[in-house]
Amino acid sequence: MTTTKLKVTGIDHVVLHVADVERSKRFYMEVLGFEDRNVSGGPSMKASFLRCGYQGLDLFEVSSGDVHGGEEMNHMALCVAANDLDEIVSELSKIGIETSDRTPRNTVFISDPDGHRIEMLPFSADERARERDAARASG
């Protein structure tokens, strides 16, 4: 395979199909701290456009059928402002959100109201090693 000089620097947005856009919007805003981008999809579109840091999460309501549509991404991974996994699990359990067993990478999974899998990465997660190294180097 030929390589290019292109370099992906982050995720701009993720799109999820949901059964009830208002229910999903409340989950992502109230449970996970996303912010509303206050963007309109137009009068005929049931959609909500949220933000988490610099990344967007676009929720589109589907009127019938399976929200996963046979073409589902495996999961979305979120960096969480928590030092360790116990803190994440504790906060989620306080509001009745069940978590998966801990992964070998020091993360857990939860599900949104439509069953989309969300991986929760504390600062101590293996995937965030570069972020930890950068923080040590700058400060």
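1. Buried means under 20% relative accessible area, exposed means over 50%, and partly exposed lies in between, with a 1.4 Å probe and protein chains only. On that scale, Asp-86 is partly exposed at 48% relative accessibility.

2. On the basis of this note: the model is predicted, local features need pLDDT of at least 70, side-chain atom pairs count only at pLDDT 80 or more, and totals for chains, interfaces and linings use all residues. Numbering starts from 1 along each chain as its sequence is written, and side-chain values use heavy atoms, with hydrogens and water left out.

3. Helix α2 covers residues 85–94. Helices (H or I, at least four residues) and strands (E, at least two) are DSSP runs, numbered from the N terminus. Leu-85, Ile-88 and Leu-92 are buried in α2. Seen down the helix axis, these buried residues fall within an arc of 65°, so they line one face of α2. The arc is taken from the directions from the helix axis to the C-beta atoms.

4. What do the buried residues of α2 pack against? Their partners are α1 (21–31), β6 (108–111) and β7 (117–121). Contact here means heavy atoms within 4.5 Å.

5. Now the ends of α2. At its start, a side-chain oxygen of Asp-84 comes to within 3.1 Å of the backbone nitrogen of Asp-86. A polar contact is a pair of N or O atoms within 3.5 Å; within protein, one must be able to donate a hydrogen and the other to accept it, and residues adjacent in sequence count only if both atoms are side-chain atoms. After α2 comes Gly-96, with a positive phi near 80°.

6. Asp-86 also has a salt-bridge partner. Its side chain meets that of Arg-102 at 2.2 Å, N to O. Asp-86 lies in α2 and Arg-102 in the loop between α2 and β6, so the pair ties together parts that are 16 residues apart in sequence. Arg-102 is partly exposed, at 46%.

7. The structure holds 9 salt bridges. The criterion is a side-chain nitrogen of Lys or Arg within 4 Å of a carboxyl oxygen of Asp or Glu. One of them joins Arg-23 and Asp-114, with the closest N and O atoms 2.9 Å apart. This pair links distant parts of the chain: Arg-23 sits in helix α1, Asp-114 in the loop between β6 and β7, 91 residues apart. Arg-23 is partly exposed at 30%, whereas Asp-114 is buried at 11%.

8. Arg-136 and Asp-133 meet at 2.5 Å, N to O. They are 3 residues apart in α3 (residues 129–138), and so about one helical turn separates them. Arg-136 is exposed at 56%; Asp-133 is partly exposed at 42%.

9. How many disulfides does the structure hold? The count is 0. The cut-off is a pair of cysteine sulfur atoms within 2.5 Å. The sulfur of Cys-52 is 8.4 Å from the closest cysteine sulfur, in Cys-79, which is too far for a bond. Cys-79 is likewise in no disulfide, and its nearest cysteine sulfur is that of Cys-52. Cys-52 is partly exposed, at 29% relative accessibility.

10. Last, Val-39. This residue is in the loop between β2 (35–36) and β3 (47–52). Val-39 is partly exposed, with a relative accessible area of 43%. Its C-alpha atom is 8.6 Å from that of Leu-50, 11 residues apart along the chain.
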